[in-house]
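Colleague: I have a chain to look at and would like to go through it with you. Can we start with the terms and then move on to the residues?

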Amino acid sequence: MPKREASVNFTAEMRDGPFRPRQALAIAVLGLLILFDGMDTQMLGLVAHDLMRDLGLPLARFGLIFSIGLLGGVIGAMVMSPLADRVLGRKAITVGAMTVAGIATLATPLVGNLPELIAVRLLAGMSLGAVIPSIFTLVSEYSPQRYTRPITAGLVAFMPLGSFIGGVIGRAVVPAFGWQALLYVGGVLTLGLALLAALAVPESVQFLLRVKRDVPRALAIARRLLPDRPIATVTIDDEGAGEGKQPIVALFVDGFWKFTLLIWGAYVINQAIIYFVLSWTPALLARSGMATTAGMDAAATFGIGGALGTAAQGWLASRFNIYRLMLIEMALYMAAMLALPLLLGDALLAPAAVFFIAFGICAYQSGYILILVETYPNHIRTTGFGWAFGIGRIGATSAPVIAGALVAAGWSAGQIFVAAALPGALSALALMIIAMLLRARSASEPAAPAARPVPAR
């Protein structure tokens with residue numbers, strides 16, 4: 001039996017060590033879970049007409065169902081993320097929430113009235129809202145630092161990719177087997193992914209040592225992830241005084257309150273922009289006199305541009321200053337949005353402008369995710385992500401409503417597009433202030449945190 005080393009700093013090994021196969025497997029499985037977030041939205045949209053018809057409800061009521069899902073996402077993110085950090089664990093939340101989401105998807109074809117449909121979709125939304133913050137926290141913990149940005153941005157791009165895959169599956173299943181079959185397929189796939197995650201994804205070692213004090217389990221995970229290291233004891237980095245506080249409180253102490261408020265404001269603005277473009281651009285193009293197909297082309301180019309921009313962000317952010325890069329991306333978004341009113345009526349250039357709008361804003365939002373997961377310490381990272389995600393949904397739900405009110409007030413499509421460009425300047429201002437705050441914080445901190453020894457028992 002090989003001699004065990006006295007101690008291995010698990011945090012340092014994950015941060016600076018090689019990218020080992022078990023790490024790659026865990027991250028790949030987490031990426032598959034993210035696909036379902038996009039698939040769920042797309043599949044529900046594909047069956048909306050038939051679902052509401054079979055329930056004897058007007059299609060206009062589907063807007064309520066969509067909003068209920070978003071509301072569930074807010075509740076799930078804000079309520080469950082602190083539990084992931086302090087009570088249940090990141091893996092437990094991920095696997096449990098995906099299981100509930102799969103069950104809710106399977107139950108959707110079985111509902112018989114509007115209240116039942118609302119309850120099922122609220123449950124599905126809460127589950128998906130709970131799982132995303134935990135996934136990104138686990139990814140940040142198990143990714144080598146030199147790969148964290150491209151991996152995180154790549155996984156964010158899985159959301160629009162999941163929407164595309166959901167559409168492909170829908171077009172193959174619904175015509176042959178009916179709309180109910182699509183949701184059954186989606187539910188079974190989700191339960192299968194939850195089982196795969198239970199087998200392949202380890203619980204956070206940081207959580208096990210800091211919160212549960214479960215040294216044997218943490219040591220077993222460390223030995224599986226680091227098979228080339230004969231580990232006797234495992235240590236983790238000490239992250240400071242705020243660690244003992246409740247996660248939500250910790251977002252506002254130890255110098256984090258300014259960062260927290262700024263990133264919440266930026267998330268509200270960014271989510272408002274994204275959901276405005278998603279929900280209103282096709283209709284506003286049609287209202288300006290363009291053919292309906294131009295709106296469809298714009299919707300397609302948004303998905304392509306968003307996925308490419310998000311994927312590119314990780315590669316670019318690992319090579320260039322992330323703050324300057326994000327300011328360029330916001331400038332691209334604003335320039336394309338301001339140009340769009342001048343291109344109304346051009347069936348080629350208008351969708352092209354939407355492509356650059358999507359590329360810019362989705363890459364920019366991906367940059368904010370990178371900043372968030374790199375700034376909050378591990379013990380409050382899920383909470384920080386979950387609350388920013390949940391607060392950001394305020395923008396996601398309000399922007400389409402505000403745009404509708406502007407249409408009702410007689411604003412033209414061009415005027416609304418111009419108005420949609422202006423909030424980007426506020427988000428960019430928040431970014432510049434965040435950059436100054438983090439630069440000052442970095443200059444005042446010690447060079448490196450001390451390792452906390454946790455002996456094996």
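Modeller: Start with burial: a residue is called buried when its relative accessible area is under 20%, exposed when over 50%, and partly exposed in between. Tyrosine 364 has a relative accessible area of 0%, so tyrosine 364 is buried. Keep in mind that this is a predicted model.

Colleague: What percentage of the chain is buried?

Modeller: Of the 457 residues in the chain, 53% are buried.

Colleague: How many aromatic pairs does the structure hold?

Modeller: The structure holds 12 aromatic pairs. One of them joins tryptophan 264 and tryptophan 387, whose ring centres are 5.9 Å apart with planes at 20 degrees, so this pair is stacked.

Colleague: Where do tryptophan 264 and tryptophan 387 lie?

Modeller: Tryptophan 264 is in helix H12 and tryptophan 387 is in helix H16 (residues 378-408), so the pair ties together parts that are 123 residues apart in sequence. Both tryptophans are buried. For tryptophan 264 the relative accessibility is 13%. Ring pairs also bring in Phe252, which forms a cluster with Trp264 and Trp387.

Colleague: What else does tryptophan 264 touch?

Modeller: Not counting residues up to four places away in sequence, tryptophan 264 touches Leu251, Phe252, Trp387, Ala388 and Ile391. Glycine 390 is 126 residues from tryptophan 264 along the chain, and their C-alpha atoms are separated by 9.0 Å.

Colleague: Now the core. Which residues touch the most other members of the largest nonpolar core?

Modeller: That core has 140 residues, and those touching the most other members are Phe10, Ile263, Phe276, Tyr333, Met337, Tyr368 and Ile371. Helix H12 (residues 257-287) gives the most to this core, with 15 residues.

Colleague: Take phenylalanine 276. What does phenylalanine 276 touch?

Modeller: Leaving out residues up to four places away in sequence, phenylalanine 276 touches Thr281, Leu284, Met337, Ala399, Ala403, Ile416, Phe417 and Ala420.

Colleague: Serine 127 next. Is serine 127 buried or exposed?

Modeller: Serine 127 is buried, with a relative accessible area of 5%. The residue is found in helix H5 (residues 114-142). Beyond its neighbours within four places in sequence, serine 127 is in contact with Ala97, Val100 and Ala101.

Colleague: Switching to charges. How many salt bridges are there in the whole structure?

Modeller: A search of the whole structure finds eight salt bridges. One of them joins glutamate 13 and arginine 20, with the closest N and O atoms 3.3 Å apart.

Colleague: Are glutamate 13 and arginine 20 buried or exposed?

Modeller: Glutamate 13 is buried, with a relative accessible area of 15%. Arginine 20 also counts as buried, at 7% relative accessibility. A network of salt bridges links Glu13, Arg20 and Asp228.

Colleague: And arginine 53, which residue does arginine 53 form a salt bridge with?

Modeller: One partner is aspartate 50, with the closest N and O atoms 3.1 Å apart. Arginine 53 and aspartate 50 are three residues apart in helix H2 (residues 21-54), so about one helical turn separates them. Aspartate 54 also forms a salt bridge with arginine 53, the closest N and O atoms being 3.0 Å apart. Arginine 53 counts as partly exposed at 49% relative accessibility, and aspartate 54 counts as partly exposed at 43%.

Colleague: Last one: which residue lies over the face of phenylalanine 256?

Modeller: That is arginine 441, at 4.1 Å from the ring centre.

Conventions:
Residues are numbered from 1 along each chain as its sequence is written. This is a predicted model: local features need pLDDT of at least 70, side-chain atom pairs count only at pLDDT 80 or more; totals for chains, interfaces and linings use all residues. Side-chain values use heavy atoms; hydrogens and water are left out. A nonpolar core is a set of buried Ala, Val, Leu, Ile, Met, Phe, Trp, Tyr and Cys residues joined through side-chain atoms within 4.5 Å. Buried means under 20% relative accessible area, exposed over 50%, partly exposed in between (1.4 Å probe, protein chains only). Helices (H or I, at least four residues) and strands (E, at least two) are DSSP runs, numbered from the N terminus. Contact means heavy atoms within 4.5 Å. A salt bridge is a side-chain nitrogen of Lys or Arg within 4 Å of a carboxyl oxygen of Asp or Glu. Rings of Phe, Tyr and Trp (its six-membered ring) pair if their centres lie within 6.5 Å; planes under 30 degrees apart count as stacked, over 60 as edge-to-face and the rest as tilted. A charge sits over a ring if NZ of Lys or CZ of Arg is within 6 Å of the ring centre and within 35 degrees of the ring normal.
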